[in-house]
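Visitor: I'd like to talk through the charged side-chain pairs in this model. Could you take me along, one question at a time?

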Amino acid sequence: MEVKSVEEYMERIRVLDALEQQAMGLSRMLTTYTDRLQERLEQRIEIEEGTEAIVLASIKNLEAAVTSSVQQKQQLIVKCRQLDTEMEGVQVISKKLQEIKQLLDVMEYSIRKN
């Protein structure tokens, strides 16, 4: 009986050794997967941070362009108002010249008719 017990004992040791080796292999695989996952997460965070920085820079550039455009349009409106004010006299003269031309056309027509 003792032989059987020793044989059983040795078999159990072999089984335990095999299980231990499998557990160590699984542990290494899990460590590898965890390390790869950590690396990918870090890469993803870096990409997201880079993307965020690009988006923020784009927004700031767009804001500056819009602000500049608004300022230029405001300056253009001021210039147009100044021109309107300055051109009032010219417009009055232009209307009077048109009226004179119409009167001359009427007079010329009347002269030709007679």
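Visitor: Which side chain does Lys101 meet in a salt bridge?
Guide: Happy to start there, keeping in mind that this is a predicted model. The two partners are 4 residues apart in helix α1, so about one helical turn separates them. The N to O distance is 3.4 Å, which counts because the cut-off is 4 Å. The partner of Lys101 is Asp105.

Visitor: Is Asp105 buried, partly exposed or exposed?
Guide: Its relative accessibility is 39%. Buried would need under 20% and exposed over 50%, so Asp105 counts as partly exposed.

Visitor: Of Glu48 and Arg44, which counts as exposed?
Guide: Glu48 has a relative accessible area of 43%, so it is partly exposed. For Arg44 the value is 54%. The cut-off for exposed is over 50%, so the residue you want is Arg44.

Visitor: In which helix do Glu11 and Arg14 lie?
Guide: Glu11 and Arg14 form a salt bridge, with their closest N and O atoms 3.3 Å apart. Their spacing is 3 residues, about one turn of the helix. Both lie in residues 2–113, that is, helix α1.

Note on methods
Residues are numbered from 1 along each chain as its sequence is written. This is a predicted model: local features need pLDDT of at least 70, side-chain atom pairs count only at pLDDT 80 or more; totals for chains, interfaces and linings use all residues. Side-chain values use heavy atoms; hydrogens and water are left out. Helices (H or I, at least four residues) and strands (E, at least two) are DSSP runs, numbered from the N terminus. Buried means under 20% relative accessible area, exposed over 50%, partly exposed in between (1.4 Å probe, protein chains only).
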